[in-house]
Amino acid sequence: LKCTEKYIYYLSFQSKSDIISTVEFNHTGELLATGDKGGRVVIFQREQESKNQVHRRGEYNVYSTFQSHEPEFDYLKSLEIEEKINKIRWLPQQNAAYFLLSTNDKTVKLWKVSERDKRPEGYNLKDEEGRLRDPATITTLRVPVLRPMDLMVEATPRRVFANAHTYHINSISVNSDYETYMSADDLRINLWNFEITNQSFNIVDIKPANMEELTEVITAAEFHPHHCNTFVYSSSKGTIRLCDMRASALCDRHTKFFEEPEDPSNRSFFSEIISSISDVKFSHSGRYIMTRDYLTVKVWDLNMENRPIETYQVHDYLRSKLCSLYENDCIFDKFECVWNGSDSVIMTGSYNNFFRMFDRNTKRDVTLEASRENSKPRAILKPRKVCVGGKRRKDEISVDSLDFSKKILHTAWHPSENIIAVAATNNLYIFQDKVN
């Protein structure tokens, strides 16, 4: 982590509906999908390396854009259903087409993204413009042929999984068997088969008989990367439960329970809020779980439930600002976290368009900024430092000067290379290692 990230590309969006709400690389890293508050999915494709332009390898250009979800209205509950894309998950590529899952608050959709560079010509019953011909005028039989055409990328919905969630969907996760996936809302987790849209199996239900007794909600869930029977889900109380679907059909009883004892000296009015876990991710190896709460990132070993093996302070300087962050609702922001391809580095976002990286081996960390002012094409990012008190150095920024409206909630890391995607409100930045 020597701050060798190199600015490649940013995409600027204009309106509030263009605020990016999720970012996800596919399994090869050749495609990068973003979802926004307007219900759109934009897919970027990595440029192929050419002999004349070796330095251009790694740049991502728009490949396809489509409207995934539309705003809806639940007439029974008199509730508007936002079109905002909450999560995108790719399926491994099996043929020439690509498949991805996208979800808003209520409905999950399976999309097929495919290319078409040929079109059929020479129909017998239709003219060149597609209109039906009079059968009496047909005197010869023609064999239709395929003619080259400009490349067209089509996105078509193959499955729509609806009407299974009473509460807002916060997570979707594809199983390692690639036949099933799960969707989680505040109180329930459902298991789906990709081929069946009208039925799902409820595998977790934490809704109490009396809603006044509700003490926690589900905040995130994910399948194990290798074991199709294992998954984890996190809660607003800062706990993580690991469940095994072999134990019972309804996984209300967890197999493992991960929780760190609270330090009484740090107890405050905000303790419960800032301990809520906003994201949970298995490592690629499947050995570790990473969780993000408001102030920290924690790494847990699956074999040790009583405390995390690593804790990284993301922005501990905000601890003195919790009161004002509570008043402006920023304390409820849900930051995501990601692993690099080898599970050796962790990345997560912060405020003022800062994002943090932690090297698990060297224990070094760095704060970088994704902004149009500091990130000109092919410029090397400089580490940023936040001054908490005392005399501020020239290259430092005061904690009182941080812009809390500029926040990086969503990030993604290329599965095998040091290429990262950072969503800074309505701008998408893509950085890569320095190219000599």
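Modeller: Buried means under 20% relative accessible area, exposed means over 50%, and partly exposed falls in between. The model shown here is predicted.

Biologist: Start with the rings. How many aromatic pairs does the count come to?

Modeller: Two rings pair if their centres lie within 6.5 Å. By this rule, the number of aromatic pairs is 22.

Biologist: What kind of aromatic pair do Trp 90 and Tyr 98 form?

Modeller: The rings of Trp 90 and Tyr 98 are 6.4 Å apart, centre to centre. The angle between their planes is 80°. Planes over 60 degrees apart fall in one class. The pair of Trp 90 and Tyr 98 is therefore edge-to-face.

Biologist: Are Trp 90 and Tyr 98 buried or exposed?

Modeller: The cut-off here is under 20% relative accessible area. Trp 90 and Tyr 98 are both buried.

Biologist: What is the angle between the planes of Phe 258 and Trp 300?

Modeller: The ring centres of Phe 258 and Trp 300 are 6.0 Å apart. The pair is edge-to-face because the planes of Phe 258 and Trp 300 stand at 75°.

Biologist: How many residues apart are Phe 258 and Trp 300?

Modeller: Phe 258 sits in strand E19. Trp 300 sits in strand E22, residues 296-301. The pair links distant parts of the chain, and the separation of Phe 258 and Trp 300 in residues is 42.

Biologist: What is the relative accessibility of Trp 300?

Modeller: Phe 258 has 0% relative accessibility, so Phe 258 counts as buried. Trp 300 counts as buried too, because its relative accessibility is 1%.

Biologist: Which residues form one aromatic cluster with Phe 161?

Modeller: The cluster includes Phe 161.

Biologist: Now charges over rings. Over the face of which residue does Arg 360 lie?

Modeller: Lys 126 lies over the face of Tyr 123, 6.0 Å from the ring centre. Arg 360 is 4.7 Å from a ring centre, and that ring belongs to Tyr 288.

Biologist: Next, salt bridges. How many does a search of the whole structure find?

Modeller: A salt bridge needs a Lys or Arg side-chain nitrogen within 4 Å of an Asp or Glu carboxyl oxygen. Searched throughout, the structure has a salt bridge count of 21.

Biologist: Which residue forms a salt bridge with Glu 195?

Modeller: The closest N and O atoms of this pair are 2.8 Å apart. The partner of Glu 195 is Arg 159.

Biologist: Where is Arg 159, in the pair with Glu 195?

Modeller: The two are 36 residues apart. Glu 195 lies in the loop between strand E14 (188-193) and strand E15 (201-205). Arg 159 lies in strand E11.

Biologist: What is the relative accessibility of Arg 159?

Modeller: Glu 195 is exposed, because its relative accessible area is 57%. Arg 159 counts as partly exposed, because its relative accessibility is 22%.

Biologist: Which side chain meets Arg 188 in a salt bridge?

Modeller: The N to O distance is 3.2 Å. The side chain that meets Arg 188 is that of Asp 205.

Biologist: How many residues apart are Arg 188 and Asp 205?

Modeller: Arg 188 is in strand E14 and Asp 205 is in strand E15. Their separation in residues is 17.

Biologist: What is the N to O distance between Asp 400 and Lys 321?

Modeller: The side chains of Asp 400 and Lys 321 meet in a salt bridge. The N to O distance between them is 2.3 Å.

Biologist: How many residues apart in sequence are Asp 400 and Lys 321?

Modeller: Asp 400 lies in the loop between strand E29 (396-398) and strand E30 (408-413). Lys 321 lies in the loop between strand E23 (310-313) and helix H2 (322-327). So the pair ties together parts whose separation in residues is 79.

Biologist: Which residues do salt bridges join into one network with Asp 18?

Modeller: The salt bridges of this network share partners. They join Asp 18 to Asp 36 and Arg 40.

Biologist: Last, the surface. Which residues make a nonpolar patch with Phe 269?

Modeller: Phe 269 is exposed, because its relative accessible area is 61%. Phe 269 lies in the loop between strand E19 (256-258) and helix H1 (271-274). The patch covers about 340 Å², and Phe 269 makes it with Tyr 326 and Phe 332.

Technical notes. Residues are numbered from 1 along each chain as its sequence is written. This is a predicted model: local features need pLDDT of at least 70, side-chain atom pairs count only at pLDDT 80 or more; totals for chains, interfaces and linings use all residues. Side-chain values use heavy atoms; hydrogens and water are left out. Patches are made of residues with over 30% relative accessible area and no salt bridge: like charges are joined within 9 Å, nonpolar side chains (Val, Leu, Ile, Met, Phe, Trp, Tyr) within 5 Å. Accessible areas come from the Shrake-Rupley method with a 1.4 Å probe; for residues, only the protein chains shown count as cover. Helices (H or I, at least four residues) and strands (E, at least two) are DSSP runs, numbered from the N terminus. Buried means under 20% relative accessible area, exposed over 50%, partly exposed in between (1.4 Å probe, protein chains only). Rings of Phe, Tyr and Trp (its six-membered ring) pair if their centres lie within 6.5 Å; planes under 30 degrees apart count as stacked, over 60 as edge-to-face and the rest as tilted. A charge sits over a ring if NZ of Lys or CZ of Arg is within 6 Å of the ring centre and within 35 degrees of the ring normal.
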